[in-house]
Amino acid sequence: MNRHSLPLIGAVWLGLSLSTSAHAISVQYGLTSLGGNAYRYDYSIANDGSLGTGVPVELFDIYFDPTLYLESSLNIVSSGSAAVNWNQIILSSGPSIPAAFDALALNGGIANGAVATGFAVDFTWLGLGTPGAQLFDIYSPTTFSLLGSGTTQPVPIPGTLPLIGLGGAIAMLFMRRRPRVSTSSASNT
């Protein structure tokens with residue numbers, strides 16, 4: 001790899017990192033420590049239209065592995081329109097089936113291009129380290145057929161994208177610098 005390929009690699013990496021979450025229903029989470037092993041997930045769900053034109057997200061489940069989350073501690077604490085416009089329950093685990101935070105829209109769901117926020121669940125963490133990503137499914141509320149699946153993603157840290165751009169710009173500036181040939185030494189030979 002030569003020094004001229006670094007800006008191209010940086011540009012490709014930046015393009016890929018910007019586009020990875022743009023082609024699927026996304027569920028992002030913020031994690032808040034409540035002290036000890038108690039935590040809260042705050043979720044936002046974005047409908048990018050990948051379910052089809054005019055197809056809202058009306059029913060979703062976010063899964064809690066009972067080996068990592070104390071099932072009896074799962075407590076819905078959603079606020080705002082999520083609390084008013086969605087029927088939310090905790091579904092119990094079963095053999096080979098994790099517990100789930102289940103949300104059913106009461107008024108139309110999440111339209112294409114829209115984002116819904118305010119979904120939240122408190123829990124006790126049984127795993128090592130800190131809690132992280134979870135699996136989720138999107139269902140049809142009439143047929144209960146699976147429409148989409150994915151893994152929750154942490155909410156991006158504010159300012160990350162500008163820092164990536166600044167780093168790329170600095171790298172490009174250093175790559176463009178070339179040593180100058182002195183005219184006084186060239187005429188003396």
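Thr32 has Arg40 of β2 as its bridge partner. The two strands around this contact, β1 (residues 26-35) and β2 (residues 38-46), pair in the antiparallel sense over nine bridges. Strands here are DSSP runs of E with at least two residues, numbered from the N terminus, and two of them pair if DSSP finds at least two bridges between them.

This is a predicted model, where local features need pLDDT of at least 70, side-chain atom pairs count only at pLDDT 80 or more, and totals for chains, interfaces and linings use all residues. Residues are numbered from 1 along each chain as its sequence is written, and side-chain values use heavy atoms, with hydrogens and water left out.

**Around β2**
- β1 and β2 make a hairpin with two residues between them, and Gly36 in that turn has a positive phi of about 65°.
- β2 also pairs with β7 (residues 115-124), antiparallel again, over eight bridges.
- On the β7 side, Ala116 is the bridge partner of Ile45.

**The open sheet**
- Five strands make up an open sheet in the order β5-β6-β3-β8-β9, with antiparallel pairing.
- β5 (86-91) and β9 (146-151) sit at the edges with a single partner strand each, so one side of each is left without a neighbour in the sheet.
- From one strand to the next, the twist averages 15° (axes are lines fitted to C-alpha atoms, and angles run from 0 to 180 degrees between N-to-C directions).
- Inside this order, β3 (residues 59-64) and β6 (residues 99-105) pair in the antiparallel sense over six bridges.
- Phe60 has Ala103 in β6 as its bridge partner.

Key:
Helices (H or I, at least four residues) and strands (E, at least two) are DSSP runs, numbered from the N terminus.
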